[in-house]
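User: I have a model open and want to learn how to read its features. Can you take me through them?

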Amino acid sequence: IEIGSYAFKYNNNLKTVKLNDGLRYLRYGAFSSCGLTEIEIPGSVYAIESSTFQYNDDLTSVIINEGISHIESYAFSWCTSLTDIVIPKQVSYIGSYAFRDNVKLTNLTLNNGLISIHDYAFYNCTGIENVYVKSLTPPTLNGSNHFEGQNADYNLLVHCDAYDVYVNDAKWSKISSRIKDACLTIYHNGTPKSGNGVYEATVGL
């Protein structure tokens, strides 16, 4: 069961849609340039294909349920009202430019099943403050500039048991100045707070 390529493209008046369990594929550009304000993607979906939800300027809420494996290139690019996103643990692949120019995105959670992030995946997400990276093994950074164009003060928060692994990884080390030990530090209204267990309480590791 699938929703085909460009099935609802340019439906500017389409604000909500219910995707039933059993759906397997969201094909290329299926809901691109619509007026969606929220979307929940059932776990039966295997892949969110390229450009599926790009240019949904009013999209503020995205729920991606467990079961989805791939988020392809440009899938949520230019969703300029989206503020938070949680990538569930069964997502192993995030494609190039998947979330580019989501300028209001402030908090991003990358769960522990993620294997690879491709180039420019979060390019020009200028509002990002915290990226919670839950995997103890650094996901492979394919290509370059995965977090290019971010807020100059954004944090990559990793588990204390993985901190040394991340800062010494060949690719992650290039952004090591942004990597923080999240078991020790969390930022609340700009004020650092310390203490064991902060990371677990914050992102539910």
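**Reading the model**

Analyst: Lys-18 sits in the loop that links strand S1 (2-3) and strand S2 (25-26). Strands are DSSP runs of E, at least two residues, numbered from the N terminus. The model is predicted, so local features need pLDDT of at least 70 and side-chain atom pairs 80 or more, while totals for chains, interfaces and linings use all residues. Residues are numbered from 1 along each chain as its sequence is written, and side-chain values use heavy atoms, without hydrogens and water.

User: Is Lys-18 buried or exposed?

Analyst: Buried means under 20% relative accessible area, exposed over 50%, partly exposed in between (1.4 Å probe, protein chains only). Lys-18 has 70% relative accessibility, so it counts as exposed. Its C-alpha atom is 7.6 Å from that of Ile-39, 21 residues apart along the chain.

User: How do I read the sheet? In what order do the five strands run?

Analyst: Strands of a sheet pair through backbone hydrogen bonds, either parallel or antiparallel. Two strands pair if DSSP finds at least two bridges between them. Here the order is S7-S9-S11-S13-S14, in an open sheet with parallel pairing. S7 (84-87) and S14 (179-181) are the edges; each has a single partner strand, so one side of each lacks a neighbour in the sheet.

User: Which residue of S13 is the bridge partner of Val-131?

Analyst: Leu-156 is that partner. S11 (residues 130-133) and S13 (residues 155-158) pair in the parallel sense over four bridges.
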